[in-house]
Amino acid sequence: MQPRTITVSIDLAGSKLPDKRSGSWLYLIEAVGTGLVKVGMTTDIERRFTQLIGENAVELKLVGVMEGNSADERAAHDLLKAHRVHGEWFKDCEEVRKLFA
């Protein structure tokens, strides 16, 4: 079995991130082809996205970013609890996507 090579490139130009990359962020990551998305919080989006790629066997796509802290993350999880599949993973549906629109 050949080891897989992963190249991570995140284009933040189209996101809601300001020019600076400090602070804390809520993110929406799609597990392509699974019907699932992850709603999480981090202070370093590139590092977190790279970490998640290493932990998952499917292709991941960063689809949304907005400023937020751990209280905002808890509020988002509570708001979306009807769509929760496991932990921070939710069904990919309109209500979840609207949160990051």
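Author: Gladly! Let's begin at the start of H1, where a side-chain oxygen of Asp44 comes to within 3.4 Å of the backbone nitrogen of Glu46. This is a predicted model, in which local features need pLDDT of at least 70 and side-chain atom pairs count only at pLDDT 80 or more, while totals for chains, interfaces and linings use all residues. Residues are numbered from 1 along each chain as its sequence is written, and side-chain values use heavy atoms, with hydrogens and water left out.

Reader: What makes the pair of Asp44 and Glu46 a polar contact?

Author: A polar contact is a pair of N or O atoms within 3.5 Å; within protein, one must be able to donate a hydrogen and the other to accept it, and residues adjacent in sequence count only if both atoms are side-chain atoms. Here an oxygen of Asp44 and the backbone nitrogen of Glu46 are within 3.4 Å, so the pair meets the distance limit.

Reader: Why are Asp44 and Arg47 said to meet in a salt bridge?

Author: A salt bridge needs a side-chain nitrogen of Lys or Arg within 4 Å of a carboxyl oxygen of Asp or Glu. The N to O distance for Asp44 and Arg47 is 3.9 Å, so the pair qualifies. By this rule the count comes to five salt bridges.

Reader: Which residues are linked in a network of salt bridges?

Author: Glu30, Asp92 and Arg97 are.

Reader: How do you know that the buried residues of H1 are on the same side?

Author: Helix H1 (residues 45-55) has Ile45, Arg48, Phe49, Leu52 and Ile53 as its buried residues. They cover an arc of only 140 degrees around the axis, which puts them on the same side of H1. The arc is that of the directions from the helix axis to the C-beta atoms. On the other side, Gly54 and Glu55 are exposed. S1, S2 and strand S3 (60-67) are among what covers the buried residues of H1.

Reader: What makes a set of residues a nonpolar core?

Author: The members must be buried Ala, Val, Leu, Ile, Met, Phe, Trp, Tyr or Cys residues, joined through side-chain atoms within 4.5 Å. The largest such core has 10 residues, including Leu26, Val37, Met66 and Phe100. Strand S1 (25-31) and strand S2 (36-42) each supply at least two residues of this core. A second, separate core of eight residues includes Ala31, Phe49, Leu52 and Ile53.

Reader: How confident is the predictor in the protein chain?

Author: The mean pLDDT (the predictor's confidence in each residue, from 0 to 100) is 84, and 78% of the residues reach 70 or more.

Note on methods
Buried < 20%, exposed > 50% of the residue type's maximum accessible area, 1.4 Å probe, protein only. Helix = DSSP H or I, 4+ residues; strand = E, 2+ residues; numbered from the N terminus. Contact = heavy atoms within 4.5 Å.
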